[in-house]
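Trainee: Could we walk through a structure together? I'd like to learn how to read its features one at a time.

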Amino acid sequence: MIRIPQLIYQRMVQHAREQWPLECCGVLCGKDGIVKKAYEVQNEEGSSVRYLMSPREQLKVFEEMEKESIDMIAIYHSHPHTISFPSETDVKLAFYPEVASVIISLKEERNPVVKAFRIGKEAIYLEEIVVDP
Amino acid sequence: MKIRLKLVGIQEMEQLIGGREIVLQMEGSTFGDLLSHLEETYGRPLMKCLHCQILRNGKEWIRRDNLTYPLQDGDHVTFLQMMGGG
């Protein structure tokens, strides 16, 4: 289960909307499954069907996490035109199996759907998201 | 040439080289030479871990296939596990 403060959750959805029709991406960090901080990261692909985090920004995120003694809880990205479920590319490039993959679907513009998954080698598991007020 | 190699988020590779950061002494002066050095020193399994992005001195992005990319003595080369998808 991932617990996300409402403000961070809303900002993450807003990030996806701002980047539409391109995919957005970022990292959720915290402790023991509770998100404390979100990092918006540039999508180097500039694509509506792919994302690749800027390595410079990714390095900064890791350095800050180390400095603040927080862990990576999830990697998030948006699906501007498709449902909130890992794509083939998401599965192929799931190199962080210990963290959740949060997908924000903007397929229905007025009704963003946010889901979290754990992408294992043999299966994809749905993970509960709790939004804390 | 001396290179400081840092690994970020690549646990398999960390296990192979015995840590997140090492200083290595290598022959040659290119990124390709660095990869050859790593393969010679740690073997092929290490190369299989390299689904990653590479930065020189935390700023310059080295493409994985740019084997002629020049390196200099004292450079910091960071290998980051790729974060991407679709």
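Trainee: Let's start where the chains pair up. Which residue is the bridge partner of Tyr51(A) in strand 6 of chain B?

Mentor: Look across to Gly85(B), which is the partner of Tyr51(A). Keep in mind that this is a predicted model. Once you have one bridge, check the pair of strands: strand 4 of chain A and strand 6 of chain B, residues 84-85, are joined by two bridges and run antiparallel.

Trainee: How many residues of each chain are in contact across that boundary?

Mentor: Count 18 residues on chain A and 16 on chain B. Next, ask which elements supply them. On the chain A side, those giving two or more residues are strand 4 (51-52), helix 2 (55-68), strand 5 (71-79) and helix 3 (88-92). Helix 2 of chain A gives the most, with five residues.

Trainee: And what classes of residue does that side of chain A have?

Mentor: Eleven nonpolar, four polar and three charged.

Trainee: Which residues of helix 1 in chain A are buried?

Mentor: Tyr9(A), Met12(A), His15(A), Ala16(A) and Gln19(A). Now look down the axis: they cover an arc of only 120 degrees, which means they sit on the same side of helix 1 of chain A. The face turned away from that side has exposed residues, namely Gln6(A), Leu7(A), Gln10(A) and Glu18(A).

Trainee: What covers the buried residues of helix 1 in chain A?

Mentor: Several strands of chain A, including strand 1 (2-5), strand 2 (25-31), strand 3 (34-41) and strand 5. Strand 6 (100-105) and strand 9 (129-132) of chain A are also among them.

Trainee: Is strand 6 of chain A mostly covered or uncovered?

Mentor: Covered: five of its six residues are buried. A general point about strands first: in a regular one, side chains alternate between the two faces of the sheet. Then check the pairing. Strand 6 of chain A runs parallel to strand 5 of chain A, joined by six bridges, with Ala74(A) opposite Ala100(A). With strand 7 (113-119) of chain A, strand 6 of chain A pairs in the antiparallel sense over five bridges, and there Ile104(A) stands opposite Val114(A).

Trainee: Let's switch to chain B. In what order do its elements run?

Mentor: Read from the N terminus: β-α-β-α-α-β-β-β-β. That comes to three helices and six strands. For overall form, take the radius of gyration: chain B has 12 Å, close to the 12 Å the globule rule gives for 86 residues, so chain B is as compact as a globular protein of that length. The C-alpha trace of chain B spans about 35 × 25 × 20 Å along its principal axes, and 31% of the residues of chain B count as buried.

Trainee: Why do the buried residues of helix 2 in chain B lie on the same side?

Mentor: First name them: Phe31(B), Leu34(B) and Leu38(B). They share a side of helix 2 of chain B because their arc around the axis is only 55 degrees. The length checks out too: the twelve residues (31-42) should span 16 Å, and the end C-alpha atoms of helix 2 of chain B are 16 Å apart, which agrees.

Trainee: What phi does Gly43(B) take just after that helix?

Mentor: A positive one, about 90 degrees.

How values were computed
Residues numbered from 1 in each chain as written. Chains lettered and ligands numbered in written order. Predicted model: local features only at pLDDT ≥ 70, side-chain atom pairs only at ≥ 80, totals over all residues. Contact = placed C-beta atoms within 7 Å. Helix = DSSP H or I, 4+ residues; strand = E, 2+ residues; numbered from the N terminus. Nonpolar A, V, L, I, M, F, W, Y, C, P; charged D, E, K, R; others polar. Pairing = 2+ DSSP bridges. Buried ≥ 20, exposed ≤ 12 C-beta atoms within 10 Å, placed from the backbone. Arc of directions from axis to C-beta. Rg over C-alpha atoms; globule rule 2.2 N^0.38 Å. Expected span 1.5 Å × (residues − 1).
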